[in-house]
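Thanks for coming, everyone. Please look at the structure on the screen while I walk you through a few of its features.

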Amino acid sequence: LRLNGLEPPAFLKYLPGYYFKPHRDWQPEFAEHPGMGHLPPRKISTILLLSRQVEHPRKPDEYSGGELVFYLPSEALEHTLIGRPLDPPAGTLIAFRSDLTHEVRAVTAGERISVVSWLF
């Protein structure tokens, strides 16, 4: 992909109960969405995980729940997405196409902290 720039990074803190429903960071209709101003098409999304996912958080940099799930089309079931959760360690940088459907499931304990940005 030819990349032309980077949106400023944003720090995200997910507290218990916080989540982000399945979505895509870019779809063509965003370019025409009223109130969003002019947005260059996002091509690559990045997530830098700063806290650690564990079953029972005991430290300030640990959390449970909050799984990052990527959805892939199912060849067996037409119009169905199949979720694939990731379990990466803290310090992992994840980069993926911005038109890929993904979500962050609800955090159940602790704080899930990450830095996100988008390349266009």
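Glutamate 7 is buried, and arginine 42 is buried too. Buried means under 20% relative accessible area, exposed means over 50%, and partly exposed is in between, with a 1.4 Å probe and protein chains only. Keep in mind that this is a predicted model: local features need pLDDT of at least 70, side-chain atom pairs count only at pLDDT 80 or more, and totals for chains, interfaces and linings use all residues. Residues are numbered from 1 along each chain as its sequence is written, and side-chain values use heavy atoms, with hydrogens and water left out.

Back to our pair. Glutamate 7 and arginine 42 form a salt bridge, with the closest N and O atoms 2.8 Å apart. A salt bridge here is a side-chain nitrogen of Lys or Arg within 4 Å of a carboxyl oxygen of Asp or Glu. Glutamate 7 sits in the segment before β1 (10-14), and arginine 42 sits in the loop between β2 (20-23) and β3, so the pair ties together parts 35 residues apart in sequence. Strands are DSSP runs of E, at least two residues, numbered from the N terminus.

How many salt bridges does a search of the whole structure find? Five. Another one joins arginine 52 and glutamate 62, with the closest N and O atoms 2.3 Å apart. Arginine 52 is in strand β4 (residues 52-53) and glutamate 62 in strand β5 (residues 62-65), ten residues apart. Arginine 52 counts as partly exposed because its relative accessibility is 37%. Glutamate 62 is at 6%, so it counts as buried.

These two residues meet in a second way. Glutamate 62 in β5 is also the bridge partner of arginine 52. β4 and β5 run parallel and are joined by two bridges. Two strands pair if DSSP finds at least two bridges between them. The open sheet here has three strands, in the order β4-β5-β10, with mixed pairing. β4 and β10 (107-110) are at the edges with a single partner strand each, so one side of each has no neighbour in the sheet.

Next, the core. The largest nonpolar core has eleven residues, among them Tyr14, Leu68, Phe70 and Trp118. A nonpolar core is a set of buried Ala, Val, Leu, Ile, Met, Phe, Trp, Tyr and Cys residues joined through side-chain atoms within 4.5 Å. β3 (44-49), β6 (68-73), β8 (93-97) and β11 (112-119) each supply at least two of its residues.

Now zoom in on leucine 68. Beyond its neighbours within four places in sequence, its contacts include Ile47, Ile94 and Val104. Contact means heavy atoms within 4.5 Å.

The largest pocket has a volume of about 270 Å³. Its lining has 20 residues, and Leu12, Phe20, His23, Asp25 and Trp118 lie nearest the centre. Which strand gives the most to that lining? It is β11, with four residues.

The largest cavity has a volume of about 40 Å³. Its lining includes Leu49, Leu68 and Arg112. On a 1 Å grid over the protein atoms alone, a cavity is a set of points where a 1.4 Å probe fits but cannot get out; a pocket is an open set with protein on both sides within 12 Å along at least five of seven lines; lining residues have an atom within 4 Å of a point. Grid points are joined across faces, edges and corners, and a volume is the space filled by probe spheres set on the points.
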